[in-house]
Structure formats: C-alpha cells, structure tokens
Amino acid sequence: MQKSDATDLGFDPDALREKYRIERDKRLRADGNTQYRQVEGDFSHYVDDPYIDAVIDREPLRDEVDVLIIGGGFGGLITGARLREAGVQNLRIIEKGGDFGGTWYWNRYPGAACDTESYIYLPLLEELDFVPKEKYTHAPEILQHCHNIGEKYDLYRCACFQTQVTGLEWDEVAARWIVHTNRDDAMRARFVIMNNGPLSRPKLPGIDGIETYKGHTFHTSRWDYQYTGGGPDGDLSGLADKRVAIIGTGATAVQCVPHVGASARQLYVFQRTPSSIDVRANRPTDPTWAASLEPGWQRKRMENFNTLCSGGIVEEDLVHDGWTEIIRNLISMANYRGKDTDWSKVPELMELADFQKMEQIRARVDTLVEDTATAEALKPYYRQFCKRPCFHDAYLQTFNLDNVDLIDTAGQGVERITEKGVVANGVEYPVDCIIFATGFEVGTEYTRRAGYDLIGKGGLKLSDKWADGMRTFHGLHTRGFPNLFVMSNSQAAFTTNFPHAMDEAAHHICYIINQALSGNIATIEASQEAEDAWVEEIITLARYNEEYLASCTPGYYNNEGKPNPKSIQNGAYGKGSNPYFRIVNAWREEGSMQGLEIN
Ligand code: NDP
C-alpha cells in the first residue's frame, strides 16, 4: 500500500492489520473450544424451562407417522408448513419447549429482537397475510408469529411439546425410525427431519469457582422475570436494589444491557471482546408501504437481500441496512479504484472495505461514549465478520450512566467467581445476581448438542460416523441413515437470513418426501460416491477461507481461534448460499434423484 493511498483512505491498512493480529493473539487460548462449562449435572438447572406452568401429563406414544420433525422452531415450522402444503397429513413435531418458537421460545430476555430485517426474517409472511410492526421487530411478536404459523398449518394437532428425543434407531426390517424420548415414547416414523437448531444448547463460561457463587444466577436464554420483574420491554423493577453482573458482550448482551442498566442499582458488564455495534435505525412499519406490497414481495425481498449479501449485484438494495452496507462499501471501493477493476484484487478490496466499515464503527463509539477509556475499550479490532455484527442504538450510551460500569478484561475474561461475586483484573466485584450472556455451544459434537445419538444401518452410530467431521450429501443426507434429513448450515447454505436457507431446504426435503410417498419408495439413502464427492467439495472450497478464519479473533465462527480440519469440514458450502440453492434446484429439475440410492 502506497503512503498516498493510506492518506486517501484515512487509515493505514498495514497498521490496522498488525493491530488486529495483536488483539487476536491476546485472546488465543490453549483450551480453545473446550474452555466452556457444559450445562449438565449440577448446572442442569440452567436449562430448566421457566416458561411452562405445568408439566403435561400424557401416555407414552408407540404409534407411527409418515414424517417426524424434531424441533418446533423456525426450521420445524417452515418444514411442517411446506409439508402440509404438499398434502402430507400424517406428521408429528417433537419439541422440548412448551410451545412452538425454538430460539424465540427460549430467548425472551428484555430487548430481544431480530436484527435481520423482519420483513425477510419472519417466515411465511405472505402465506399468513401479515406484515410485522417494525423493521426489526421484537421477540414477543416473533413468538406470536410462530404460534400463528402453528395454527394456520394445523401443526398444533401433531405437536408433542415438553418432549425431548433421547435416541433414534433404524429398524431395518420395517424400514422405519424408532424415536425414543424422555416420555418413554417409542414412536415410529418413515422419515425423520432433524431441526435441532444451530444455537440451542446454552453454555457457561469456564470460570473457576462458578459453582461457589451464593447469589442468584441465570442464563439469558432462560430469563428469570420472577427475579428481575418487568418484561420483554424492560422496566425490571426487581433489580432496583440489586447489584448485577452481566458476563459476555455478544449479540444477546448488546440487546439486554440497556434494559438492565436502566433498572439495576448497579450494573457491571464484564467484557472479554467488544462486539461491533453499528446503527440499527429501527422504525415502525409504514402502513401505506405495507398496503402497497404486491404478491410475491417477500420472496423477491429475501432474494434481493441474499444476492447482495453473497456479493452479487442488484439494481436496488431493497433492505438497505447494515448487513448490505458492507457490499455497498465494496462496490464503492471498486469504483474508487477506477472502472477497470481487476477482480483478482477483490479479496484485497474486501479487506479495505472491511477496514473502512470498522473504522466507522470505532468512530461511532467515540461519538456516543463520554469516558474516553471506556470508549477505547468498547472498540472492536477485528474484521467485521470474524464475530457476529451487532446493531443497536442504545447499547453504547448505556455506559454513560452513573450506575453502569464496563469491566474490560483486555481479552482475558473473568478470572474467578467467588461466593460473593465476580473477580476480574484482580478486583472482586460483589453482586446480588450474575447473568450469563455467554452464548451457546457451537463446534461441539452434533449428537452432544442435539442431546441424542442415532443408530443407523448395521448398528452404525452417527457420533462414530461423524467423529472426524460431518459426512453428508448436500448437507442433508448421510449414508447409513436412510430416510433421515439433517437441517443445518453445515455443509449446506449459510446466510445472514437463516430462515431463507431453511425454506430452501424445506422445499427440497418436501420434494424428496413427496417422490417417496407418491412413488412407493421405501428408502432413500445417500450413495457413497455422492457423499464422498460432496464432502470433498466442501473441504476444497473451505480452504479458500482458511487463512481468513485463522486471522480472526477467537469466537464460535472460527472454533475459538483454532480452525482445524474437522471444524472446516463442518462448515458451510464455501461458494455461498445462492450457488448452493442453484445446485439443489438444478438437482430437483434434473429429476433422477442422482446421488441417492432408492429402494
Ligand atoms: P456469544 O457466543 O456471541 O457471546 C458470548 C459472550 O460471552 C462473548 O462476549 C464472550 O466473549 C463472552 N465470554 C465467554 N466466556 C467468557 C469469560 N470467561 N469471561 C468473559 N466473557 C466471556 O453469545 P450470544 O448469546 O450473545 O449470541 C449468540 C448468537 O445468537 C449470536 O452470534 C447470534 O447469531 C444470535 N443472536 C441473534 C440475535 C438477533 O438476531 N437479534 C440476538 C442475540 C443473539 P468473547 O467474544 O471474547 O468470546
């Protein structure tokens, strides 16, 4: 980079690259992804369901259905809806919570809201003739929408709530799955679709002494309103005389900190790595705009957003928000270089656009946070997509309140928890309550996160088959486990707008199940060749991303700073979501179910 270029840009890319490296190195830990404490044994109360009034009493089920879906979140609901549209009646959805909603059932913390635009994020809006109240709507409306999908598609009739799958077994003679649960069920199903959710198992930090704390504690995904008072809009009156610690500063903390800060007597926010906090600019839905929407509008908007976020070019940026801005930056950066842009330089331009965006985010901290040392500590020094970008217009200002302190740990994290409180930087902070905003397991074994293992053909266990990394065809089928579909972003499409990818997967699965149900097909199973070829392609494409991931600050996107062959193999399809959608669409159009063995 020439000096004049650095001056034109307003920053020095080499200096920033070095600063990012130093900040990352501070955070690299030998224990990587094993640092966290699993929520089990003495800690299992952290995942108790605080939202149910009573435990449903029912007899164990031993009956048979055509299709059994595990998980009643967005993925299960969308798939259930698409199956209903395709005429599948004999359906069951198993859900461990007390109702539909998944992520939005569990995450009811104050301030929870989507930060992908609600008009593209909430599934099936046109089908339900509904437009959300706000551009980034709040959690209660999203949860209500989940319930409405359940009603509209008659999915309550086939739901088993408060039921946790404990194991799946393939009955080779009958060509059926036997599904065991914590309710002593042994249901049978021709097809099983696993929708366990990517962020469903809460984790606790690996902090010494966590079990010795005598005050009140809970995880953000099981918010204890009985203790805090108030509700999803805040007004947490129960905290008025309480000293509260929040550990973690990820996307969840960013949304709940302003509410806790507004209500608690004292709030300490313990930070290991700051999030990037961009403008949110939420606003109520314009009713005139909502009334003007033409049929097909939601699909068009979803595709527009996804094309932009995949680096494609569209005439108009319909969503026009922080997610699409990075792409607009790139395009303007390319123009800055002149019309004859050399596209082999795109990675470098991407990095410049990213530096530019993050400089803007860091400058925003200075404009909103009064104390200069606090402002400096809140500045993120890494590339924007190393961690989940956040968008909020009140979080940073919360640190101007007299009763709120940021306890920055310079990347080292909380040192210890004592009977009385939290120790960081050698100082003990006595508190009445610790709220763990420490996220969810990612990168641990699939069967661990799911909470059950599968026994497929010939006694093959899924945990054994995937011990060295997932092996799938299209991310959806895995050999040795016939009539089973995995819905996740591993070896499949990853997109910022997750429900979009789920809908594409749901259409694909419905197509295959329909072929089977209408064509007298007993089993479908990935062929060895198709699976090997798909895994090979995933690994080959992932190599292009390896350097970037390794340069990132630790987090769940890069296996806590230690990307390895297994975490890379478990990643998404490397060319992006739109190319993935084109592959599976073309596969359906071709019509011969290539890569699947059919009996
Ligand atoms: P995250 O995993 O993103 O954040 C966990 C936080 O805990 C991090 O700040 C982490 O620090 C911190 N932490 C972990 N261990 C320690 C320790 N020993 N000492 C101090 N701090 C520690 O979890 P979230 O629940 O915030 O978010 C999870 C995901 O859920 C998001 O990435 C997003 O995908 C989704 N989400 C989406 C929302 C939306 O759409 N609106 C809202 C909320 C969440 P460090 O960064 O250093 O690891």
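How far apart do the C-alpha centres of domain 2 and domain 3 lie? They lie 30 Å apart in a predicted model, in which local features need pLDDT of at least 70 and side-chain atom pairs count only at pLDDT 80 or more, while totals for chains, interfaces and linings use all residues. Residues are numbered from 1 along each chain as its sequence is written, and side-chain values use heavy atoms, with hydrogens and water left out.

The protein is divided into domain 1 (31-56 + 202-275 + 390-439), domain 2 (64-201 + 442-598) and domain 3 (297-386), with bounds that come from an automatic or database domain assignment. Where domain 2 and domain 3 meet, 26 residues from domain 2 and 17 residues from domain 3 take part in the contact, which means heavy atoms within 4.5 Å. The size of an interface is often given as the accessible area lost when the parts come together. Between domain 2 and domain 3 the buried area is about 2000 Å², and carbon and sulfur atoms give 53% of that area; the value is the accessible area (1.4 Å probe) that two parts lose on being put together, summed over both.

Across this interface of domain 2 and domain 3 there are 3 salt bridges, a salt bridge being a side-chain nitrogen of Lys or Arg within 4 Å of a carboxyl oxygen of Asp or Glu. Arg301 forms a salt bridge with Glu117, and the closest N and O atoms of that pair are 2.8 Å apart.

The structure as a whole holds 45 salt bridges. In one of them, Arg17 pairs with Glu351, the closest N and O atoms being 2.8 Å apart.
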